[in-house]
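User: I would like to learn how to read a few features of a protein model. Could we take them one at a time?

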Amino acid sequence: MKKWQKFLTGSLTIAAMVTLVACGGKKAAEKPKPSKSDATAAASDKNSYTPISELKNSYDVIIIGAGGAGMTAAIEAKDAGMNPVILEKMPVAGGNTSKSSAGMNASETSVEKAQGIEDSNQKFFDETLKGGGGTNDQALLRYFVDHSASAIDWLSQNGIVLDNLTTTGGMSVSRTHRPHDGSAVGQYLVAGLEKNIRSRNIPLFVNVDVTKLLEKEGKISGVEATIKETDKKKISAKAVIVTTGGFGVNKEMVAKYRPDLKDYVSTNAAGSTGDGIKMIEKLGGDTVDLDQIQIHPTVFKKTGYLVTEAVRGEGAILVNKEGKRFVNEMTTRDKVSEAELQQAGQSAYLIFGDKTKAAVKAIDQYISKDMVVSASSLEELAKKTGIDQAELAKTVTTWNEAVAAKSDPAFERNTGMANDISGTYYAITVSPGIHHTMGGVKINTETQVLKKDGQAIAGLYAAGEVTGGLHGKNRIGGNAVADIIIFGRQAGTQAAAYAKK
């Protein structure tokens, strides 16, 4: 199976996502037969990419990678008066952004203020720094939090509205912004960005694999690419932005930097192979934190499908085979994963009720993928999952009492306590899986790629998961989407300014 076939097998198409949103998040399990309009939408989506015959020899700005960071950068470069192009090695746009679930973290936003949530950039800064073990690049982090609110506004101005708030682990307030209906943020974001790319007539070519960054007289001069796995072509540019993502599915790189994780399942898109990092290293670019690979505690191991942190943010708990909670589910991902690995089978069960299901539309996807066990009683759920029946009943009763009292003396959880576990009962078996590579190429706050001596490589910029330093030792859920938008915007703006010189 080719890498792009594997990618498509594990992802919804953008057309399917649009259908889901249009239906108000109705269960995907219903699997309606495709209508003529569905077929038209799918064909339109397939043909939305620029025909390869239109690929030119030169552009003002080349963006490598059509994930969230790449499309955001292209939009900003175009709006700054440049002629940008996006080159994507996969047959579809989206990358890891398509798989994002929880939302986008931002502080002091108009959305928070409208909903009466008191927040501050400093609080966001402090909690992210704490979550990263104090090792975050503080200059990048400062820029990140201070430009988070304007990024939410920028998305809204471009028709991508994130006005539904939830909480992720390590955050003390609801600052995770997601689509209005509470659905997964990734595919909604990709669809919205693609719409903006098309409306601006920005060329987006797929099946174009950039294999080399070109330099001339100490400055970036373009790229070399392989088209449809056969034809090679050199394309010149005044500036290049690398937004190729991380290396979460590159087993060799994972084994090199974290041999203890070499056999872990990955939640990443098939294109996350570290190409950008390797190309930049060949130019003498510096890297940082390549050994910092995040494992996510709630992954459906059988398929590597991520279960969004928003499920816990809306009231779910984790129990072991004995039916007992064993951790504050809303602490940082590294701590939850570590606690989970201490349980029998190095796995756990995510337990929730109807209120959580109603608040997190992504759960409908999990049901359609046969990831969810449901039951009308806790006794029935225990029998279906093999969890100790008496202990599960006791744990859920105690948890519901904690929700009512807004106090969790057992594990001191103080967020994600809005919904009790009642009605129909649900369970998802979860295990830790490779989710995000915090390390990558070193950049400054202008997104310039830096050499080992700290000097910038002229004309070369990077944004998103290909970069390192922002997250430190652990990424807070919801910060990756903020990263790609905030630094994607900055990369597009800075590359355009450089290209104008």
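This is a predicted model: local features need pLDDT of at least 70, side-chain atom pairs count only at pLDDT 80 or more; totals for chains, interfaces and linings use all residues.

User: Over how many bridges do β4 and β5 pair?

Analyst: β4 pairs with β5 (residues 176-178) in the antiparallel sense over three bridges. Among the residues involved, L165 has H177 in β5 as its bridge partner.

User: How is a pair of aromatic rings described?

Analyst: By the distance of the centres and the angle of the planes. Here the count comes to six aromatic pairs. One of them, Y305 with Y366, is edge-to-face, at 6.1 Å centre to centre and 75 degrees between the planes; planes over 60 degrees apart count as edge-to-face. Y305 lies in strand β12 (residues 305-306) and Y366 in helix α15 (residues 362-368), so the pair links parts of the chain 61 residues apart.

User: Are Y305 and Y366 buried or exposed?

Analyst: Both Y305 and Y366 are buried.

User: Which residues have the most contacts inside the largest nonpolar core?

Analyst: I62, L87, L213, V240 and L460, in a core of 95 residues. Helix α18 (residues 479-500) gives the most to this core, with 11 residues. Leaving aside residues up to four places away in sequence, V240 touches several residues, including I62, L213 and L460. A second, separate core has 25 residues, among them V307, V311, A348 and V430.

Methods
Residues are numbered from 1 along each chain as its sequence is written. Side-chain values use heavy atoms; hydrogens and water are left out. Rings of Phe, Tyr and Trp (its six-membered ring) pair if their centres lie within 6.5 Å; planes under 30 degrees apart count as stacked, over 60 as edge-to-face and the rest as tilted. Helices (H or I, at least four residues) and strands (E, at least two) are DSSP runs, numbered from the N terminus. Buried means under 20% relative accessible area, exposed over 50%, partly exposed in between (1.4 Å probe, protein chains only). Two strands pair if DSSP finds at least two bridges between them. A nonpolar core is a set of buried Ala, Val, Leu, Ile, Met, Phe, Trp, Tyr and Cys residues joined through side-chain atoms within 4.5 Å. Contact means heavy atoms within 4.5 Å.
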